[in-house]
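This report describes the fold of the chains and the contact between them. The sequence and the structure are shown first, and the description follows.

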Number of protein chains: 2
Amino acid sequence: MSSDAPGFELPLRLLLAFRVLIDELHDELARQGHPDLRPMHGFVMQAIGPRGTTAVELGRMLGVSKQAAGKTIDTLERLGYVERTTDSHDTRRKITRLTPYGMDALTRSARIFDDLRARWADELGEDRLHALEADLRRLTPDGLWRLDTPGWFGSL
Amino acid sequence: MSSDAPGFELPLRLLLAFRVLIDELHDELARQGHPDLRPMHGFVMQAIGPRGTTAVELGRMLGVSKQAAGKTIDTLERLGYVERTTDSHDTRRKITRLTPYGMDALTRSARIFDDLRARWADELGEDRLHALEADLRRLTPDGLWRLDTPGWFGSL
DNA sequence: CCATATAGTCAATCAGGTTGTCTAACATGT
DNA sequence: ACATGTTAGACAACCTGATTGACTATATGG
């Protein structure tokens, strides 16, 4: 029993492992022509998706207000990752879509994540990594994105 | 090969697993008399430790400026988790120490994390959880705290 | 046709981070 | 002993990303 790890190690390691992956992703993305991309941009662009979305929808998905979602879109627009187009069926709506540059970032991210997973598979063995993924799936809810992580973690 | 999980699932699951633990910790802490405690408070108090620390030291440990560390201490002081005392050997320094209320939060957190780990051990089996911890240890650097997660993740 | 609901924007505010500057106190070398 | 350099903390100005509230324009449904 005394050989069990203390309970506080688990969350620390989970967070650290996440950071390792994300940091290495962005190191590589910077090398591949996306030096300005930040951790949460990938999440936001993933939420926008290939079909585009609106500020209100994005806010719901990210768990933030539509105004905050709008500001995030402003930033991504300024960086050239997304563009706003008007919905011809509802002129109130402005559909935010990924630009080719944004799509490029997403496809490169997917590729890099696959490479990083392969490195972990080399390190642990494919069977152990597979088990790790299966265990994490059992321990985490499905389908939930919860992209409000910055505010969630930081709010004092 | 095609049965391998896509690379992007791993970071998502790691972050989600972290959130599950932290959210359940704070649900329980709220029930046990610490409703105002936020995710990063625990990390900061852990960094302060039983012997206390100064704003400069805390800033170094957390990877933020001494001013930011000072503001964080202000917040924890306002909530009653820490108090500032002067160092008799160096009157420039103000040692920030945990109050009994702060110590209580830390000991309860440790206990709750142990309980959560036990629940995961029930879910997966102790051997699988042990393997998961061992694998995460292999994949993450040791000794590093890096508490700048909010800014790190959020900065657009 | 009017009442209500929704999309987006603007403005004010807040929290937490940054850098720069300043003062007080320690540490050191001549 | 003292002049110099370094360190701790506080204060101010500013930046970013979030919030709520108010407002306009456009749909939508009775």
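## Strand pairing

In chain A, A:Asp87 has A:Asp90 as its bridge partner in S2(A). The two residues belong to an antiparallel pair in which strand S1 (residues 82-87) of chain A is joined to strand S2 (residues 90-98) of chain A by 6 bridges. The model is a predicted one.

Chain B also contains a strand pair: strand S1 (residues 82-87) and strand S2 (residues 90-98) of chain B run antiparallel and are joined by 6 bridges. Within this pair, B:Val82 stands opposite B:Leu98 of S2(B). A hairpin with 2 residues between the strands is formed by S1(B) and S2(B).

## Architecture of chain A

Chain A is built from 7 helices and 2 strands. Read from the N terminus, its elements follow the order α-α-α-α-β-β-α-α-α. Along the principal axes, the C-alpha atoms of chain A fill a box of roughly 65 × 35 × 25 Å.

## Helix H1 of chain B

Helix H1 of chain B covers residues 9-31, a run of 23 residues. From the first C-alpha to the last, H1(B) reaches 33 Å, which is close to the 33 Å expected at 1.5 Å a residue. After H1(B) comes B:Gly33, a residue with a positive phi near 100°.

## Salt bridges

Over all chains, the count of salt bridges comes to 30. One of them links A:Arg119 with A:Glu24, where the closest N and O atoms are 3.0 Å apart. Because A:Arg119 lies in helix H5 of chain A and A:Glu24 in helix H1 of chain A, this pair ties together parts that are 95 residues apart in sequence.

## Contact between chain A and chain B

How many residues does each chain bring to the contact? Chain A contributes 61 residues, and chain B contributes 61 residues. Between them the two chains bury about 6,500 Å², of which 70% is on carbon and sulfur atoms.

Charged and polar pairs also cross this interface. There are 6 salt bridges across the interface of chain A and chain B, and 11 residue pairs are in polar contact between the two chains, counted where both residues have pLDDT 80 or more. In one salt bridge, the side chains of B:Arg128 and A:Asp135 meet at 2.8 Å, N to O.

## The side of chain A that touches chain B

Which helices of chain A each supply at least two residues of the side that touches chain B? They are helix H1 (9-31), helix H2 (39-48), helix H4 (66-78), helix H5 (100-124), helix H6 (126-139) and helix H7 (149-154). The largest share, 15 residues, comes from H1(A).

Sorted by class, the side of chain A that touches chain B comprises 33 nonpolar, 10 polar and 18 charged residues.

Notes
Residues are numbered from 1 along each chain as its sequence is written. Chains are lettered from A and ligands numbered from 1 in the order in which they are written. Side-chain values use heavy atoms; hydrogens and water are left out. Contact means heavy atoms within 4.5 Å. Buried area is the accessible area (1.4 Å probe) that two parts lose on being put together, summed over both. A salt bridge is a side-chain nitrogen of Lys or Arg within 4 Å of a carboxyl oxygen of Asp or Glu. A polar contact is a pair of N or O atoms within 3.5 Å; within protein, one must be able to donate a hydrogen and the other to accept it, and residues adjacent in sequence count only if both atoms are side-chain atoms. Helices (H or I, at least four residues) and strands (E, at least two) are DSSP runs, numbered from the N terminus. Ala, Val, Leu, Ile, Met, Phe, Trp, Tyr, Cys and Pro count as nonpolar, Asp, Glu, Lys and Arg as charged, and the others, Gly among them, as polar. The expected span of a helix is 1.5 Å times one less than its number of residues. Two strands pair if DSSP finds at least two bridges between them.
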